[in-house]
Amino acid sequence: MTSTAPTLALSGGTRMPQIALGTWPLDDHEAEKALLSAMEVGYRHVDTAENYENERGVGRALAASGMPRADLFVTTKLNAHWHGVTEAAEGLDRALDRLGLDYVDLVLLHWPNPARDRYVHGWEGLIALRAAGKARAIGVSNFKPKHLRRVIAETGVTPEVNQIERHPYLIRSASVAFNSEHGIITEGWSPLGRGNGLLDHPVVTGIAEQVNRTPSQVLLRWAVQEGHAVAVKSKSRERQAENLQIFDFSLTAAQMADLDDLDTGEHHAVDSDVFGH
Ligand SMILES: NC(=O)c1ccc[n+]([C@@H]2O[C@H](COP(=O)([O-])OP(=O)(O)OC[C@H]3O[C@@H](n4cnc5c(N)ncnc54)[C@H](OP(=O)(O)O)[C@@H]3O)[C@@H](O)[C@H]2O)c1
């Protein structure tokens, strides 16, 4: 059965499918294979990055699918090396070349890398890329409210998306609230947890039994039910299809609250001050 995800309105005027196929840590060949099966089962959004070194494989799958470009939503991310206006232009041109595309739907600054203190310049670079039509939407990843406050204050332009680690062990209420107040879509990465046993947690498996769904579907439903996007990776066609079948049921307020209660606190988030260089 094929079904596609709903789309979310971004503040710049485009729409983004609520579920992306994540592609880390797939290599070119694995990413190509995974994306081809994902598109067959209904995915229209792929999440890649310069850092993943699989943009060529992603591009091959997009081309081989034969799908109209306008029906696909491609996200990539630039490394800190490109935090500047001329740098970002070159960084995205190289990514487009690897992808075999002439624009991406969304480009993100992968990490703020505050030790370099260049992320505001990186953001100015993305603003120019959107104006030039090389990216239809622009955003950031792993930005805390303090980083977002600064780019907004210094450029007057608010990111459309902030992609952050998010799952019930790490609900990040302050970040999510900040994003919502500023019209920024929160997109969760590692929505199934990071190999940390979340899929086997009795609260998750208990709710899965109650709603007659899988633990993965419960975790993804928890995210999308609140209007957030998710990037979820699977190289298995069956699990890709399973992860997409989350728009035909809902969780009760009590089930949502029980999942929120699994939060272990913001201090468990990967520290963007030291990661990502
Ligand atoms: N912005 C950033 O800094 C950042 C950082 C990390 C990740 N990301 C993005 O977010 C994406 C997702 O994050 P992630 O890959 O770390 O974690 P994830 O999507 O939460 O989990 C992926 C793992 O779960 C397994 N899985 C998938 N569906 C399943 C299901 N239905 N039942 C059981 N297991 C299932 C996958 O194995 P199989 O493949 O074998 O199914 C894989 O091992 C990445 O691929 C990447 O695109 C972004």
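Student: Which residues are the closest to the ligand?

Tutor: The model is predicted, and local features need pLDDT of at least 70, side-chain atom pairs count only at pLDDT 80 or more, while totals for chains, interfaces and linings use all residues. Residues are numbered from 1 along each chain as its sequence is written. A residue is near a molecule or strand if its C-beta atom, placed from the backbone, lies within 6 Å of it. The ligand is surrounded by 25 residues, the closest being Gly22, Leu192, Ser216, Lys233 and Ser234.

Student: Which element gives the most to the shell around the ligand?

Tutor: Elements are DSSP runs numbered from the N terminus, with helices (H or I) of at least four residues and strands (E) of at least two. Those that give two or more residues to the shell are strand E10 (229–232) and helix H9 (237–244). With three residues, the element that gives the most is H9.

Student: How many residues of the shell around the ligand are charged?

Tutor: The classes are nonpolar (Ala, Val, Leu, Ile, Met, Phe, Trp, Tyr, Cys and Pro), charged (Asp, Glu, Lys and Arg) and polar (the others, Gly among them). The shell has seven nonpolar and 12 polar residues, and the number of charged residues is six.

Student: Is Thr48 buried or exposed?

Tutor: Thr48 sits in the loop between strand E4 (45–47) and helix H2 (55–65). A residue is buried if 20 or more other C-beta atoms lie within 10 Å of its own, exposed if 12 or fewer, and partly exposed in between, with C-beta atoms placed from the backbone. Because Thr48 has 30 C-beta neighbours inside 10 Å, Thr48 counts as buried.

Student: Which residues does Thr48 touch, not counting residues up to four places away in sequence?

Tutor: Two residues are in contact if their C-beta atoms, placed from the backbone, lie within 7 Å. The C-alpha atoms of Thr48 and Leu106, 58 residues apart along the chain, are separated by 10 Å. With residues up to four places away left out, Thr48 touches Thr23, Asn54, Glu55, Val58, Thr75 and Thr76.

Student: Which residues have the most contacts inside the largest nonpolar core?

Tutor: A nonpolar core is a set of buried Ala, Val, Leu, Ile, Met, Phe, Trp, Tyr and Cys residues joined through C-beta atoms within 7 Å. The largest one has 66 residues, and those with the most contacts inside it are Leu35, Leu92, Leu106, Val107, Leu126, Ala135 and Val230.

Student: At roughly what angle do the axes of helix H1 and H2 cross?

Tutor: Axes are lines fitted to C-alpha atoms, for helices over the stretch in contact, and angles run from 0 to 180 degrees between N-to-C directions. The axes of helix H1 (residues 28–41) and H2 come within 7 Å, and they cross at roughly 35°.

Student: Which residues of H2 make the contact with H1?

Tutor: By class, the contact of H1 with H2 has seven nonpolar, three polar and four charged residues. H1 contributes Asp28, His29, Ala31, Glu32, Leu35, Leu36 and Met39, and H2 contributes Arg56, Gly57, Val58, Arg60, Ala61, Ala64 and Ser65.

Student: How many of the 11 residues of helix H8 are buried?

Tutor: The buried residues of H8, among them Trp222 and Arg221, pack against strand E9 (185–189), helix H7 (202–211), E10, H9 and helix H10 (253–260). Helix H8 (residues 215–225) is largely enclosed by the rest of the structure because the number of its buried residues is nine.

Student: What is omega of the peptide bond between Trp24 and Pro25?

Tutor: Pro25 lies in the loop between strand E3 (19–22) and H1. The bond that joins Trp24 and Pro25 is cis, with omega of about 5°.

Student: What is the separation of the C-alpha atoms of Leu26 and Lys235?

Tutor: Leu26 is in the loop between E3 and H1, and with 22 other C-beta atoms within 10 Å it is buried. Its contacts, leaving out residues up to four places away in sequence, are Ala31, Ala34, Asn54 and Lys235. Leu26 and Lys235 are 209 residues apart along the chain, and their C-alpha atoms are separated by 8.3 Å.

Student: Is Asp117 buried or exposed?

Tutor: Asp117 belongs to the loop between strand E6 (104–109) and helix H4 (119–131). Although it is not a glycine, Asp117 has a positive phi of about 55°. Because Asp117 has 11 C-beta neighbours inside 10 Å, it counts as exposed.
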